[in-house]
Amino acid sequence: MNKYLYTAIEAAVNAGAIIMDIYENQIVDVERKSDDSPVTIADKKADIYIQNALQGTQIPILSEEGEHASFEIRKNWKQCWIVDPLDGTKQFIKRNGEFTVNIALVENGVSLLGVIYIPAKKSLYYAIPAEKKAFKIALEAHTINESMLQNAVEIFAASESDVVTLTSSHSSKKQEVLDLIRTLETEGKEVKLIKAGSSLKFCLMAEGKASYYPRCAPTMEWDTAAGHAICNAVGLEVYSLETNEPLKYNKENLLNPWFLVRKIG
């Protein structure tokens, strides 16, 4: 096993335990960040835990809720962790369970490993793209040890079919998504749509429950880096709709372009 993979898995699951303790037992106050996006005590506590858990790797951390080093500093990083301690804060506030913990290790702009934990479902996804395998574990509690990884089930992307399933966010009503549906229908495909929050959409893609994920709305690197690695491991790519090239990470501008997740090629 990659020496950093279990560190990331343990950090994600334990952060999920912190999040669920707050989700199930506290009335959560919502604050607003400078960009007007919401943040809660669950975001902050999960971030503190993850940053402490990853510190021993001596690899710099780029977290949504942490201090962001300037690009003058970051451009010299060969590797970095990219973390969203609570992806889907809006879903957390709505209490629909569709939020995740995302941790990725990036090297020279490419995701080397990805971990996504869905605390409300106790579902863990992880992969190292170079190994071309991705895995899922259904946990019984918010605890993990290395021996439990023996129970992991390999997951696979969807195979070619006349029935195509798109996944998109609950709020997505973009014309570009409708245009993709029409294009697929003109190719003789039957198109179904699954709405999902946060990084659940990457998980649906990686385990073959969806075959296209168009995103025509703002996302940040910490929203996609972990899911990108997991999808890569099963033969999927996250293509920029601007360049048709894979997304890159630790850029000067941490905002992603619009993208499409689909099979490589």
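This is a predicted model: local features need pLDDT of at least 70, side-chain atom pairs count only at pLDDT 80 or more; totals for chains, interfaces and linings use all residues.
A disulfide here is a pair of cysteine sulfur atoms within 2.5 Å, and a search of the whole structure finds 0 of them. Residues are numbered from 1 along each chain as its sequence is written, and side-chain values use heavy atoms, with hydrogens and water left out.

Let us start with Cys216. Its sulfur is 16 Å from the closest cysteine sulfur, in Cys231, which is too far for a bond. Cys203 also has Cys231 as its closest sulfur partner, at 8.0 Å, and that too is too far for a bond. Cys216 is buried at 4% relative accessibility, and Cys203 is buried at 2%; buried means under 20% relative accessible area, exposed means over 50%, and partly exposed lies in between (1.4 Å probe, protein chains only).

Now to the interior. A nonpolar core is a set of buried Ala, Val, Leu, Ile, Met, Phe, Trp, Tyr and Cys residues joined through side-chain atoms within 4.5 Å. The largest one has 38 residues, and Ile9, Trp81, Ile103, Leu113, Val115, Leu124 and Tyr126 touch the most other members. At least two residues of this core come from each of helix H1 (5–25), helix H2 (41–55), strand S4 (79–87), strand S5 (100–107), strand S6 (110–118) and strand S7 (123–128); helices (H or I, at least four residues) and strands (E, at least two) are DSSP runs, numbered from the N terminus. H1 gives the largest share, 12 residues. A second, separate core of 36 residues includes Ala104, Cys203, Met205 and Tyr213.

Not counting residues up to four places away in sequence, Trp81 touches residues including Tyr4, Ala8, Leu54, Ile61, Ile103 and Leu113, where contact means heavy atoms within 4.5 Å. In S4, Trp81 is the bridge partner of Ile61. Strand S3 (residues 61–63) runs parallel to S4 and is joined to it by 3 bridges, whereas S5 runs antiparallel to S4, with 7 bridges between them; strands pair if DSSP finds at least two bridges between them. Along the S5 side, Val83 stands opposite Ile103. Since 8 of the 9 residues of S4 are buried, S4 is largely enclosed by the rest of the structure.

What about the aromatic residues? Rings of Phe, Tyr and Trp (its six-membered ring) pair if their centres lie within 6.5 Å; planes under 30 degrees apart count as stacked, over 60 as edge-to-face and the rest as tilted. By this rule there are 8 aromatic pairs. The rings of Tyr23 and Phe92 have centres 5.3 Å apart and planes at 45 degrees, so this pair is tilted. Tyr23 lies in helix H1 and Phe92 in helix H4 (residues 89–94), so the pair ties together parts that are 69 residues apart in sequence. Phe92 also pairs with Phe99, with centres 5.3 Å apart and planes at 75 degrees, so that pair is edge-to-face. Tyr23, Phe92 and Phe99 form one aromatic cluster. Phe92 is buried at 2% and Phe99 at 0%.
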